[in-house]
Amino acid sequence: SLASRIAVGFGIPLTTSHSLPYEKYFYLGGANSMRGWKFRSLGPGSYNEPDTLTTDKIGEISLELNLEYRFPIYKFFRGAVFADAGNVWLRKQNSLFPGGEFKINRFYREIALDAGLGLRVDFEYFLVRLDWAVPLKNPSLPEGSRWIFDDGNKLKVLWNIGVGYPF
């Protein structure tokens, strides 16, 4: 079967505060989202975090597209081939996250892409997943070297374990 999802989000603070509560921000990455990135490690926009920092990558605008082909292998084993695309952005410019704001004239160039393979063990009452994913396009890299095929980019493989289907 073919499964797909499009998830779009836009967060606006409704109080006198100028920012959303932390738990209301959007994030991507991990076993149920952009599987080529670790949990909360994608975005915002084209922001490139120095190696010395490890902050959660969050934003007020989110766009995610997933496509997955699911097929039987043998008895209770299932397989999947998938591709994910998306990113998160900030509504306004922020000096802490240069390049993280949403701009209509460049957001499409900041969409990350990944692809991978998955193995599922279907026990009928729950499903265990093992996904192998590779980021194909990383928007935090400089333009002209964002694709995995560009010179100097290393192949980064990420394994995800999950329970239930990712979407």
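Lys 57 lies in the loop between β1 and β2, where strands such as these are DSSP runs of type E with at least two residues, helices are runs of H or I with at least four, and both are numbered from the N terminus. The structure is a predicted model, in which local features need pLDDT of at least 70 and side-chain atom pairs count only at pLDDT 80 or more, while totals for chains, interfaces and linings use all residues. Residues are numbered from 1 along each chain as its sequence is written, and side-chain values use heavy atoms, with hydrogens and water left out.

- Lys 57 counts as buried because its relative accessible area is 10%; buried means under 20%, exposed over 50% and partly exposed in between, with a 1.4 Å probe and protein chains only.
- Leaving aside neighbours within four places in sequence, Lys 57 is in contact with residues including Phe 26, Tyr 27, Arg 40, Tyr 47, Glu 49 and Val 88, where contact means heavy atoms within 4.5 Å.
- Lys 24 is also found in the loop between β1 and β2, and Lys 24 counts as exposed because its relative accessibility is 54%.
- The C-alpha atoms of Lys 24 and Pro 13 are separated by 9.5 Å, and the two residues are 11 residues apart along the chain.

**The second largest pocket**

- The second largest pocket holds about 220 Å³ of space, and its lining consists of 15 residues, of which Phe 26, Tyr 27, Leu 28, Ser 33 and Glu 64 are the closest to its centre.
- On a 1 Å grid over the protein atoms alone, a pocket is an open set of points with protein on both sides within 12 Å along at least five of seven lines, whereas a cavity is a set where a 1.4 Å probe fits but cannot get out; lining residues have an atom within 4 Å of a point.
- Grid points are joined across faces, edges and corners, and a volume is the space filled by probe spheres set on the points.
- β1 (2–10) and β2 (61–74) each supply at least two residues of this lining, and β1 gives the most, with 3 residues.

**Nonpolar cores**

- The largest nonpolar core has 6 residues, namely Leu 28, Met 34, Trp 37, Leu 42, Val 88 and Ala 112; such a core is a set of buried Ala, Val, Leu, Ile, Met, Phe, Trp, Tyr and Cys residues joined through side-chain atoms within 4.5 Å.
- A second, separate core of 5 residues includes Ile 61, Leu 63, Trp 89 and Ile 111.

**Aromatic rings**

- The structure holds 12 aromatic pairs, in which rings of Phe, Tyr and Trp (its six-membered ring) have centres within 6.5 Å; planes under 30 degrees apart count as stacked, over 60 as edge-to-face and the rest as tilted.
- Tyr 47 and Phe 97 form an edge-to-face pair, at 5.0 Å centre to centre and with 80 degrees between the planes.
- This pair links distant parts of the chain, 50 residues apart, with Tyr 47 in the loop between β1 and β2 and Phe 97 in the loop between β3 (77–89) and β4.
- Tyr 47 is buried at 6% relative accessibility, and Phe 97 is buried with a relative accessible area of 18%.
- Phe 126 belongs to one aromatic cluster with Phe 76, Phe 77, Phe 123 and Tyr 125, and Phe 126 is found in the loop between β4 (112–122) and β5 (127–137).
- Phe 126 counts as partly exposed because its relative accessible area is 36%.
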